[in-house]
Amino acid sequence: MGKEYKTLLTENINGVEIIKLNAPPLNLFGKKLRVEIVDAIEAARNDNNIKGVVLTSSTTFFSGGADITEFDSGDLDPSLPFIIDNIATFPKPFIVAVNGPAFGGGCEISLGSHRRLMTPNATFSLPEVKLGILPGAGGTQRMPRLINPALALDLIIKGGIINAKDSVESGLASAVYAPEEIIAKAVEMALDLAEKGQEEWQKPTFADPSTRADFDAACAGYRKKLKPLATTELIIEAIAACYDTEIEAGLKLEGELFLKLLKGAQSKALRYVFFSERETTHNLPGITKETPAKEIKKAAVIGGGTMGGGIAMCFANAGIEVKIIETSDEALNNGIGRVKSNYEISVKRGSLKQEKLEKAMSLITGSTNLEDCKDVDIVIEAIFEDMNIKKELFQKLDKICKPDAILASNTSFLNIEEMAAQTSRPENVIGLHFFSPANVMRLLEIVNCDKTSAVTLNSAVKLAKTLKKLPVVSGVCFGFIGNRMLMARIDAANEALLQGALPHEIDEVITEFGFAMGHFAMSDLAGLDIGMRITEAFNLDPGIAGSLAKMGRLGQKNGKGFYMYSEGSRLPERDEFVENFIAEQSKALKIERKTFNKEELIEILFYPMINEGAKILEEKIALKASDIDMVWINGFGWPAYKGGPMYWAGQIGLDKIVHSLEKQHAQTGNENLKPCELLQKLGASKSKF
């Protein structure tokens, strides 16, 4: 009997030591596991009866890599790079049998071995870029020396996943074997290599120079596309070293670049995001480990428009039967046709297989009879934002649906309490606010009403995870978390127009901040007529957008909105007519226009959002500041590398934000700009949310 380990299992087969990672569920390389791996490797090195080593996992998940909770602890000895160097220089054949996902350090420890075998379910991924860092245990040095560096760059800079079949074709792995035979094949390979000698398992010293042109072209593309990310240039620098530098020098460079990124603002923000995502469902009101969740086997969506169809796709993609209910055969056929068309586009792009399309469409049925909701476990209404129509619908659903069915609304703004009051089961009513396009966007705002039961809330959270959505719980208020804060930015943008800013100036500030589109370009894309209908429905000030819509300027759909669009182009062009019209509106309101620099516009646009977010926390609409950040990152395109609005505000300094808002309030008299009590309190104490 060999030594017993707490996080490893070992056995010896024909003189080959089998080391199995045994720290489920993810086999993260925390300190305890690292110490025991070092001990096991050292024991194998010193045992003359051991001819080789096979590293694998005791479960079907190979390893999730480093335990990032330890990154800031400083207690990283023995380090993962140290362990992998020991594997790479091991004097006996060292084979890794990858029998599941190998992420981050799990991939890097595999790259350090002399050979890699994989099971069909195994994958490699270096997702460190999603934490604002680069692979720091040899990933940028060993992968490009084994495969085409352009492919390595693609995998590392995107944090992508490569499957077993493609790993073999690229040269990352030697072969794919069934789970029941992979250990025997690894033992066989280790014994064969032991007999042939060390020269047989030597790795390439440099990246293949003939691939340099491909690599340089890939670098140019990523520099253009991913310029704001601190990781982009450093990942390129690290991989480029593989062409010119021995691996020892390359590893030293990688370590220096890793530490530089780890200490940077972007990595800190992205690590905050990583943990915040996992916190959205912690400590929810009334929910304990014992709280049951209803099983959702059948669903219905009322309304087959863009949003309703997208929601139906979410259920079908998760393998859940779903009915689309419409008011007419024509509307129903259009809705189901739109869903099928969306799937067909994915098939053409290669992101979906034809059989998956057929499977999904087989789960989607349609009806024009509301009575067909009688046997479903959940109904989600996705009809137009009219409270009277929604109330009438909930009255009908209450009578039709089975007693334990969940009744949900997809409203973006309206008070779900009023809908719940129309039923005999307010405890079963909840808001499920999907974001458009629903089948793509990850966020799901779950609106918890006063009378919503813990079982219903827990069921909604579990359903969100089944649908592969990020659930964030909100209380009831106009616009909930995300749209309520968006309204603050819209009001600020409209006011800035009247005060002297022009649409392109505001949009440039927003896109340079990190958003994919500016506010006015987005309005043109959605349609100014759509925006006008929303403002009319909620009795809001339509602003300049409403005036332009009444003139027939509808945005991209007819080539003129806030901007002009050349025929066939989506590129916004400045429009002298609009800029003159805005100036005339300022004059009519007796506002003397002035110019703003970019820093002033950032304060005008984003600081009111922070104030609104603080009010949302004060009113307990959001459970915690990080939930607000997750809504804005996953629903509204806030750049993740800035950590979300509330995190970003803490980096700016809440005292600075309070001072700016007080100044804006004094200048405009707008009471919404007056810093709320929570923001003032935190600003005065120089605290963060």
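The legends below describe an overall view and several close-ups of a predicted model.

Local features are described where pLDDT is at least 70 and side-chain atom pairs where it is 80 or more, whereas totals for chains, interfaces and linings use all residues. Residues are numbered from 1 along each chain as its sequence is written, and side-chain values use heavy atoms, with hydrogens and water left out.

View 1. Helices (H or I, at least four residues) and strands (E, at least two) are DSSP runs, numbered from the N terminus. Along its principal axes the C-alpha trace spans about 90 × 60 × 55 Å. Of the 689 residues, 53% are buried, which here means under 20% relative accessible area with a 1.4 Å probe, counting protein chains only.

**View 2. The largest nonpolar core, a group of 93 residues.** Such a core is a set of buried Ala, Val, Leu, Ile, Met, Phe, Trp, Tyr and Cys residues joined through side-chain atoms within 4.5 Å. Cys 373, Ile 506 and Phe 606 touch the most other members, while helix α24 (residues 598-618) supplies the largest share of this core, eleven residues. Apart from this core lies another, of 68 residues, among them Leu 55, Leu 234, Ile 235 and Ala 238.

**View 3. The surroundings of Ile 506 and Phe 520, two residues that touch each other.** Contact means heavy atoms within 4.5 Å. Leaving aside residues up to four places away in sequence, Ile 506 touches Ala 493, Ala 496, Leu 497, Ala 501, Phe 520, Leu 601 and Leu 605. Phe 520 lies in helix α20 (residues 519-526) and is buried, with a relative accessible area of 0%. Beyond its neighbours within four places in sequence, the contacts of Phe 520 include Asn 494, Pro 503, Asp 507, Phe 562 and Tyr 563.

**View 4. Thr 232 in helix α9 (residues 231-244).** Thr 232 is buried, with a relative accessible area of 3%. When neighbours within four places in sequence are set aside, Thr 232 is in contact with Ile 157, Tyr 222, Arg 223 and Leu 226.

Note on methods: Buried means under 20% relative accessible area, exposed over 50%, partly exposed in between (1.4 Å probe, protein chains only).
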